[in-house]
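Me: Got a model open here and want a quick walk through it. Can you start with how the terms are set?

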Amino acid sequence: MLLFLFAFCHRNFLSFVGKDGGGKWKSMSDSEKAPFQAKADKRKKEYEKNLDTYNKKLAGGGNDDDDEDSDKSKSEVNDEADEDESDDEEDDD
């Protein structure tokens with residue numbers, strides 16, 4: 001019963017946030033919306049550029065020598081760095 005109440009309240013909270021945010025956005029003037037729209041346009045262009053690069057990479061067989069980025073994601077690189085640090089700490093014991 002408690003889980004049902006939590007799920008019910010959570011769902012209602014999310015709908016409240018969405019409705020309230022939408023209402024606030026509609027009430028904003030164009031000049032107030034401008035910074036948010038500029039940021040969205042910038043991110044959309046970056047996304048489209050990345051998507052084009054990805055599609056070209058797929059079409060070209062995936063091996064581009066002029067690609068400056070590593071195949072590893074930043075999180076994998078950070079995870080490897082963390083492992084190296086933890087190995088150093090274990091050696092000190």
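Reply: Helices (H or I, at least four residues) and strands (E, at least two) are DSSP runs, numbered from the N terminus. This is a predicted model, where local features need pLDDT of at least 70, side-chain atom pairs count only at pLDDT 80 or more, and totals for chains, interfaces and linings use all residues. Residues are numbered from 1 along each chain as its sequence is written, and side-chain values use heavy atoms, with hydrogens and water left out.

Me: How many helices and strands in the protein?
Reply: Three helices and zero strands. Along the sequence that reads α-α-α.

Me: Where is Lys33?
Reply: Lys33 lies in helix 2, residues 30-59.

Me: And which side chain of opposite charge is nearest to Lys33?
Reply: Asp30, 4.8 Å away. Lys33 is buried yet has no salt bridge. Buried means under 20% relative accessible area, exposed over 50%, partly exposed in between (1.4 Å probe, protein chains only). A salt bridge needs a side-chain nitrogen of Lys or Arg within 4 Å of a carboxyl oxygen of Asp or Glu. Lys and Arg count as positive, Asp and Glu as negative; His and the chain ends are not counted.

Me: What does Lys33 touch?
Reply: Trp25 and Met28, leaving aside residues up to four places away in sequence. Contact means heavy atoms within 4.5 Å.

Me: Tell me about Met28. Buried or exposed?
Reply: Met28 counts as buried, at 18% relative accessibility. Met28 sits in the loop between helix 1 and helix 2.

Me: What percentage of the protein's residues count as buried?
Reply: 2% of the 93 residues.

Me: Switching topic. How many aromatic pairs in the whole structure?
Reply: One. The ring centres of Trp25 and Phe36 are 6.3 Å apart and the planes are at 70°, so the pair is edge-to-face. Rings of Phe, Tyr and Trp (its six-membered ring) pair if their centres lie within 6.5 Å; planes under 30 degrees apart count as stacked, over 60 as edge-to-face and the rest as tilted.

Me: Where do the two partners sit?
Reply: Trp25 is in helix 1 and Phe36 in helix 2, eleven residues apart. Trp25 is partly exposed, at 34% relative accessibility.
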